[in-house]
Amino acid sequence: MMAPLLTRRSILTGLGFSTIIGTTGGLVLSPSFRDLVLASGEKLAYQTHRLIGRNALAPEFTEADLSPDFRTNGNTMPASAEYQRHMETSFANWRLQVDGLVAAPQAFSLAALKAMPARAQITRHDCVEGWSAIGKWTGVPLAALLTQVKLLPTARYLVLHCADDFSGNAYYESIDLVDAFHPQTMLAHTMNDQPLSVGHGAPLRLRVERQLGYKQAKYIMRIEATATLANIGLGKGGYWEDQIGYDWYAGI
Ligand SMILES: Nc1nc2c(c(=O)[nH]1)N[C@H]1C(S)=C(S)[C@@H](COP(=O)(O)O)O[C@H]1N2
Ligand SMILES: [Mo]
């Protein structure tokens with residue numbers, strides 16, 4: 001188990017992201033992982049993505065392609081008193097907790113995240129319900145954050161805990177480390193050059209561009225690095241995965 005981590009660590013400090021992803025893809029995901037976690041159709045999509053390259057980029061568009069109306073979906077206003085307080089104070093006291101299987105857990109303020117080197121990308125969001133929209137996202141590459149908190153060798157997933165819920169069941173999502181280190185995977189604080197609105201997930205939402213809309217977790221409060229998804233929610237890796245059996249790996 002040490003070799004992959006050392007490789008990933010040394011590459012993180014020394015070389016480019018694409019090399020990290022290739023290495024992570026080759027070493028972190030074992031066949032037993034795929035067999036245990038994925039159902040057969042989903043497994044096909046996952047393996048196809050691995051063949052064409054999990055590190056391949058999602059198409060990017062131009063400002064001229066931006067959708068004039070990017071609709072909201074799912075929860076558009078978390079009901080919790082804690083979230084309401086943060087909203088009323090413009091998220092000044094909000095912190096993103098990053099913990100779990102990391103050597104250096106940290107709490108990031110929104111100002112600290114906005115001060116980090118940003119990436120911007122114009123991509124198409126595809127909802128499983130049959131609509132798409134093109135938007136511009138600006139935020140912190142997740143890889144940069146993970147470098148700061150120092151993932152432990154036992155970490156295999158990142159769980160995104162959100163502020164909202166449906167009937168008391170918290171919304172959450174999870175991704176593997178290949179997607180976590182993908183160059184387009186970011187924590188977006190800005191949409192179409194404006195601070196992320198509450199409807200679209202303020203103050204911070206995930207963009208994981210090779211997957212469907214429900215993976216794009218809004219209202220992120222905490223990111224937890226884990227070795228397994230079995231102990232989170234009902235164990236399927238996400239709110240919709242738990243509730244109605246959506247694929248955990250929603251590759252597009
Ligand atoms: N926390 C949270 N994240 C969420 C949802 C949600 O209800 N709560 N809905 C998901 C779904 S199904 C989609 S299509 C997108 C919608 O994002 P938008 O509201 O910015 O269009 O957010 C996803 N992330
Ligand atoms: Mo969706």
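Here is a short walk through this structure, from its ligand to its core and then to a few spots in the backbone. Please keep in mind that the model is predicted.

Let us begin with ligand 1. The shell around ligand 1 holds 22 residues, and those that come nearest are Arg71, Asp164, His200, Arg205 and Lys218. Sorted by class, this shell has 9 nonpolar, 9 polar and 4 charged residues. Strand S5, which covers residues 157-166, gives the largest share of the shell, with 3 residues.

Some polar contacts can be followed one at a time. In Lys218, a polar side-chain atom lies 2.6 Å from an oxygen atom of ligand 1. Asp164 also uses a polar side-chain atom, which lies 2.7 Å from a nitrogen atom of the ligand. With Asn75 the backbone takes part: one of its polar backbone atoms is 2.8 Å from an oxygen atom of ligand 1. How much of the ligand does the protein bury? Taken alone, ligand 1 exposes 530 Å², and the protein buries 99% of that.

In soluble globular proteins, nonpolar side chains tend to be buried together. Here the largest nonpolar core has 43 residues, and Leu96, Leu142, Leu145, Leu158 and Ile223 are those with the most contacts inside it. Several elements each supply at least two residues of this core, among them strand S1 (95-100), helix H7 (142-149), S5 and strand S10 (220-226). The largest share, 5 residues, comes from H7.

What about the cysteines? The structure holds 0 disulfides. Cys127 counts as buried because its relative accessibility is 11%, under the 20% cut-off. Cys162 is buried too, because its relative accessibility is 10%.

Finally, a few places in the backbone deserve a visit. Ala202 and Pro203 are joined by a cis peptide bond, with omega about 0°. Pro203 is found in the loop between strand S8 (194-195) and strand S9 (205-207).

Lys150 has a phi near 60°, a positive value in a residue other than glycine. Lys150 sits in the loop between H7 and S5, and with a relative accessible area of 43% it is partly exposed. Asn192, again a residue other than glycine, has a positive phi near 50°. The place of Asn192 is the loop between strand S7 (186-191) and S8, and at 27% relative accessibility Asn192 counts as partly exposed.

Notes: Residues numbered from 1 in each chain as written. Chains lettered and ligands numbered in written order. Predicted model: local features only at pLDDT ≥ 70, side-chain atom pairs only at ≥ 80, totals over all residues. Heavy atoms only, no water. Near = heavy atom within 4 Å. Polar contact = N/O pair within 3.5 Å; in protein donor to acceptor, adjacent residues only side chain to side chain. Areas by Shrake-Rupley, 256 points an atom, 1.4 Å probe, with all protein chains shown as cover. Helix = DSSP H or I, 4+ residues; strand = E, 2+ residues; numbered from the N terminus. Nonpolar A, V, L, I, M, F, W, Y, C, P; charged D, E, K, R; others polar. Disulfide = S-S within 2.5 Å. Buried < 20%, exposed > 50% of the residue type's maximum accessible area, 1.4 Å probe, protein only. Core = buried A, V, L, I, M, F, W, Y, C linked by side-chain atoms within 4.5 Å.
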